[in-house]
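Here is a briefing on a predicted model.

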Amino acid sequence: MRKIAVYPGTFDPITHGHSDIVRRATQLFDRVIIAVSENTHKNPAFDFKERIALAAEVLADNKRAQVKGFSNLLVDFAREQNADTIIRGLRAVSDLEYEFQLASMNRKLSPNIETIFLMPDEQYTYLSSSIVRQVAALKGDISGFVHPSVFIALTGKHR
Ligand code: ADP
């Protein structure tokens, strides 16, 4: 049986931290669906289509990774994709409270879907999309944190 996982998030935009988690997940699963969320309370800098397009470009070389957008309940989306695992990244203890809440709710909604947490390489533990956006807005060099396509998209936004 093929093991399929979904890795949901806002990906606003995708960073090397996200890509590191995808790389690890695709070593464990036959297919990993990077699920870009349309509904977000975060008021994203990149719109839904841009977030999907950037993630697809960044992950194009990883044959086991596939990028899809979703706007329904995550556990419903996972079921539609025949996935029984949700992947989330854990950077620091500060992530834990929110992630614990999310995983507990998803378990209540769908007891058959398991959430698995993966840790990124140490160099990415401080990295977030929001910090990358802030540094880019102030014209700081973000080239070491994101793929060249994301670098171009971000610098284009703050010309
Ligand atoms: P969300 O709005 O759902 O938190 P994000 O795009 O911010 O969406 O993050 C998606 C997932 O990726 C979350 O589990 C988050 O903890 C994880 N993540 C984000 N940045 C990193 C990083 N640098 N290293 C590891 N995991 C990360």
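Asp95 is in contact (heavy atoms within 4.5 Å) with Gly89 and Leu90, leaving aside its neighbours within four places in sequence. Asp95 lies in helix α4. Its relative accessibility is 13%, so Asp95 counts as buried; the cut-offs are under 20% for buried, over 50% for exposed and partly exposed in between, with a 1.4 Å probe and protein chains only.

This is a predicted model: local features need pLDDT of at least 70, side-chain atom pairs count only at pLDDT 80 or more, and totals for chains, interfaces and linings use all residues. Residues are numbered from 1 along each chain as its sequence is written, and side-chain values use heavy atoms, with hydrogens and water left out.

**Asp95 and Val58**
- The C-alpha atoms of Asp95 and Val58 are separated by 24 Å; the two are 37 residues apart along the chain.

**Largest pocket**
- The volume of the largest pocket is about 1100 Å³. A pocket is an open set of points on a 1 Å grid over the protein atoms alone, where a 1.4 Å probe fits, with protein on both sides within 12 Å along at least five of seven lines. The volume is the space filled by probe spheres set on the points, which are joined across faces, edges and corners.
- There are 44 lining residues (an atom within 4 Å of a point). Closest to the centre are Gly9, Thr10, Lys42, Arg88 and Tyr98.
- α4 gives the largest share of the lining, eight residues. Helices are DSSP runs of H or I with at least four residues; strands are runs of E with at least two, and both are numbered from the N terminus.

**Nonpolar cores**
- The largest nonpolar core has 28 residues. Such a core joins buried Ala, Val, Leu, Ile, Met, Phe, Trp, Tyr and Cys residues through side-chain atoms within 4.5 Å.
- Those with the most contacts inside it are Tyr7, Ile14, Ile34, Leu59, Ile87, Val150 and Leu154.
- Apart from this core lies another, of 12 residues, including Val6, Ala78, Ile86 and Ile113.
- Beyond its neighbours within four places in sequence, Ile34 is in contact with residues including Tyr7, Phe11, Val22 and Leu59.

**Helix α5**
- Ser129, Val132 and Ala136 are buried in α5. They cover an arc of only 65 degrees around the axis, which puts them on the same side of α5. The arc is that of the directions from the helix axis to the C-beta atoms.
- The buried residues of α5 pack against α1 and α6.
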